[in-house]
Amino acid sequence: MNGFIYDDVDSKLMVQDGKVEFVANKVEWKEGLTYIRSLYEEGLIDPGAFTQNQDAYLQLGNNTEMLLGAATSIHPWEFTNNENQYAYDPLTPLKGPHGQYASYYYPVVQGATFAITNKASEEAQIKAIKLLDYMFTEEGSTRAHFGVEGEDWIKPEEGDVAINEEVEPNLKQLHSDEPTNNAWGASAQYYQTREYRDGWVQAEDIYTDEGFERRLQEATYLYEGKEPDELFPFWAIWYPENVQDELATLETNILDNVEQSSVQFITGELSIEDDWDDYVAGLESLGVGRYVEINQEAYNQYLEAN
């Protein structure tokens, strides 16, 4: 859809000249559905794509006959975890008649994975905070993520190349046949700057376990700079308490309707030409105008605060 109109997936909102707009009722969205419908009619989209679960997706991707030509995923292991994975490479965002956008996702989103409850003693609370503070240092992050120096990682050696080849390497992970159980892995990523991550040593062959992070890193380069100039920052927006329940209801009803209707348009259950106006009217009845209004007000407050 991003070749037709910007689709951030999470909110279906975009910003133009400071104005928040809903995208899934615009003519460009209709054009996008028409194009995707044409792919479906040609048999280029698996009918099971709209209903299959993770296990079915993996079964399709792992098929020895390589039935899956292309897949949507944020990680190749979502659709294949056998030798097939090495046959797939990332694509740049598809270029369409109105653009070539990549959906932008801020690397830090609202939420929490650390909490201290009233069951903790004062001593335990202090120790927990000290632990978290330590994990916000490079040393603590390395210890929590990778483990013990000499057992799980070592300092770079001569000839080692960082993920970002333009920076100096800072650590080299050891790949033991037996897990050491010394670290929390990615769960410990409370604070890692891009500069720090760019320095991890990786094999130059991206089709190996030792080069896998480089493979992911290189994939991101295909998307850099392809986001719109203005973005609706759903990851940083805070809503007043008096509209939170209303917004939650609006958002659920509207986005569910968009998803369900899109599938119906693509598969032919609904006619894009005959049923489009009813679809747009249905969104209006669900309160899409109010949905945009609430988000515009929150966006204005975000701009004032930043």
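Helices are DSSP runs of H or I, at least four residues long, numbered from the N terminus. In this predicted model, helix 4 spans residues 138-146 and contains His145. The relative accessibility of His145 is 12%, so the residue counts as buried. Its contacts, leaving aside neighbours within four places in sequence, are Ala183, Trp184, Gly185, Ala186, Ala188, Gln189, Gln192 and Trp200.

The largest nonpolar core holds 36 residues. Those with the most contacts inside this core are Phe22, Trp29, Phe232, Ile254, Val258, Tyr279 and Tyr291. Six elements each supply at least two core residues: strand 1 (13-16), strand 2 (19-22), helix 1 (27-41), helix 7 (241-267), helix 8 (272-285) and helix 9 (288-305). Helix 7 gives the largest share, 8 residues. Val258 touches Lys12, Phe22, Ala24, Trp29, Tyr279 and Leu283, not counting residues up to four places away in sequence. Another core, of 6 residues, lies apart from the largest one. Among its members are Trp153, Leu171, Tyr196 and Trp200.

Strand 1 and strand 2 run antiparallel and are joined by 4 bridges. Met14 has Glu21 of strand 2 as its bridge partner. The two strands form a hairpin with 2 residues between them. Asp17 in this hairpin takes a positive phi near 55 degrees.

Aromatic pairs were then searched across the whole structure, and 21 were found. One of them joins Phe22 and Tyr291. The ring centres are 6.1 Å apart and the planes stand at 85 degrees, so this pair is edge-to-face. Phe22 belongs to strand 2 and Tyr291 to helix 9, so the contact ties together parts 269 residues apart in sequence. Both partners are buried: Phe22 has a relative accessibility of 4%, and Tyr291 has a relative accessible area of 0%.

Phe136 and Tyr191 form a stacked pair, at 5.7 Å centre to centre with 10 degrees between the planes. This pair also links distant parts of the chain, 55 residues apart. Phe136 sits in the loop between helix 3 (122-135) and helix 4. Tyr191 sits in the loop between strand 4 (172-173) and helix 5 (194-198). Here both residues are partly exposed, with relative accessible areas of 41% for Phe136 and 43% for Tyr191. Elsewhere, ring pairs link Tyr104, Tyr105, Tyr106, Phe234 and Trp235 into a cluster.

Key: Residues are numbered from 1 along each chain as its sequence is written. This is a predicted model: local features need pLDDT of at least 70, side-chain atom pairs count only at pLDDT 80 or more; totals for chains, interfaces and linings use all residues. Side-chain values use heavy atoms; hydrogens and water are left out. A nonpolar core is a set of buried Ala, Val, Leu, Ile, Met, Phe, Trp, Tyr and Cys residues joined through side-chain atoms within 4.5 Å. Buried means under 20% relative accessible area, exposed over 50%, partly exposed in between (1.4 Å probe, protein chains only). Contact means heavy atoms within 4.5 Å. Two strands pair if DSSP finds at least two bridges between them. Rings of Phe, Tyr and Trp (its six-membered ring) pair if their centres lie within 6.5 Å; planes under 30 degrees apart count as stacked, over 60 as edge-to-face and the rest as tilted.
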